[in-house]
Amino acid sequence: MCSAALQFAPKEGMMSSVRLTRSRSPARARSMCAAASVSTFLILSACTATRGETSRPGPAATSRAARSLERRVESRFDRLTIAHLPTPLEEMEVLTAELGGPRLLIKRDDQTGLAFGGNKARKLDYIMADAQAKGADVIITWAGLQSNWCRQTAAAAAMMGMRAILLLSRRDDSPVVIDGNLLLNAILGAEARILPLGTDPVEVAQQIAEEERAAGNTPYVVGVGGSSTGFDMEEPLGAMGYVTALIETHNQAEVRGAVPDYVVIPTGSGGTQAGLVVAAAALRAGTKIIGISVSGSADAIRRNVARIASETADALGLRLSFSPEDIIVFDDYVGEGYGILNAPTADAIQRVARGEGILLDPVYTGKAMSGLIDLVETGYFDPDDVVVFIHTGGTPAIFHYGDELLRYIR
Ligand SMILES: Cc1ncc(COP(=O)(O)O)c(C=O)c1O
């Protein structure tokens, strides 16, 4: 059975801390967070760290903070080793030279290993540990038709001998083509249900969970992207994967004698950005996290990320609180909408493919890279800044966009 390949990461005193954390209800977590937000020094520490207004501690202090944060995560949360970690951190020398600085690096989270990789593998390390601990035998979740989250959840469920039920929403009534992530879901054996237009996936998920329970099964319901708490995920476990991702990135950058001034990512359901924001504040190394929206308005995403980040800090026992003003999001690169390819995105995909030999996707990383390139060209960064772009995956969607991409490729 493949699940034998999964192991808990070694940790000290894990069991007692895990029990302690799990006994805290989400309602209590939220009220603790609200209490924290009125404490001035807590707010100050979060704001200054995310805005980079503090003087930077030396590398030794950052390493100590990183070790302490890592121990904090390990002592509170179970984690599987689904993701292949650490993922490489590479220089983008050609792009850096073409744009004339800043120094651009790329963190290859497209190489996390789970069914073509992507950011969801880090999230699933924590989420599937929770599902397993709760005795789940079927995972129920939902998202858009070409969801990377659903594909990687289907793969994780397959590894662990669980079933996956995926509720997929379409954006219009055009014929459904089984390619890209949809094809992979089928190969992975997931039960993918394409919902009629206008159906509420949450209602359907709850109804299916009831049916599964009545049939004697143990469902684990988790919301889109594994970012927000709710249903069977009582703690922000997806974001936890990106708390540890920033620690990993800092450690790798340190070996290169660099400290990231900025980390740039595509942002959607907010868990990735929230985890990074919490780690950046805890490390106090002045790293700013820039989310490039692929769909929502900057205001809505800031609110969502601040909420998840505050819950994450709270779940870790960190005395930090975040407000939307602490979160950096650009929504200037969405174009005509989520998943709608545009010329800057296709240009960014082509440029990074031909300059660096790295494939970006048309929905998330291509759009985010078009944002990063524009921010460099419009002088947002200093030439001596160190900027890490996290490649969050999504590459199977390239094959869904084949014809459209070809219209732009020169
Ligand atoms: C490839 C890719 N990058 C980035 C994101 C955004 O991550 P988050 O939902 O945590 O904001 C997603 C979400 O589905 C994704 O599939």
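Author: The protein chain holds 15 helices and ten strands; helices (H or I, at least four residues) and strands (E, at least two) are DSSP runs, numbered from the N terminus. The model is predicted: local features need pLDDT of at least 70, side-chain atom pairs count only at pLDDT 80 or more, and totals for chains, interfaces and linings use all residues. Residues are numbered from 1 along each chain as its sequence is written.

Of the 410 residues of the protein chain, 50% count as buried; a residue is buried if 20 or more other C-beta atoms, placed from the backbone, lie within 10 Å of its own, exposed if 12 or fewer, and partly exposed in between.

The shell around the ligand has 18 residues, of which Asn 148, Ser 269, Thr 272, Thr 392 and Gly 394 come nearest; a residue is near a molecule if its C-beta atom, placed from the backbone, lies within 6 Å of it. Two or more residues of the shell are given by each of α7 (148-159), β7 (262-267) and α11 (271-283). The largest share, three residues, comes from α11. By class, the shell has three nonpolar, 15 polar and no charged residues. Here Ala, Val, Leu, Ile, Met, Phe, Trp, Tyr, Cys and Pro count as nonpolar, Asp, Glu, Lys and Arg as charged, and the others, Gly among them, as polar. The ligand lies between domain 1 (20-26 + 35-116 + 237-408) and domain 2 (120-226), because both give residues to the shell; the domain bounds come from an automatic or database domain assignment.

As to the sheets, four strands form an open sheet in the order β5-β4-β3-β6, with parallel pairing; two strands pair if DSSP finds at least two bridges between them. At the edges stand β5 (191-195) and β6 (219-221), each with a single partner strand, so one side of each is left without a neighbour in the sheet. Strands β3 (residues 138-144) and β4 (residues 163-169) run parallel and are joined by seven bridges. Thr 141 has Leu 166 in β4 as its bridge partner.

Another set of pairings involves β2 (residues 103-107), a mostly covered strand with four of its five residues buried. Strand β1 (residues 89-91) pairs with β2 in the antiparallel sense over three bridges, and Glu 90 stands opposite Ile 106 in β2. With strand β10 (residues 386-390), β2 pairs in the parallel sense over five bridges, and Arg 103 stands opposite Val 386 in β10.
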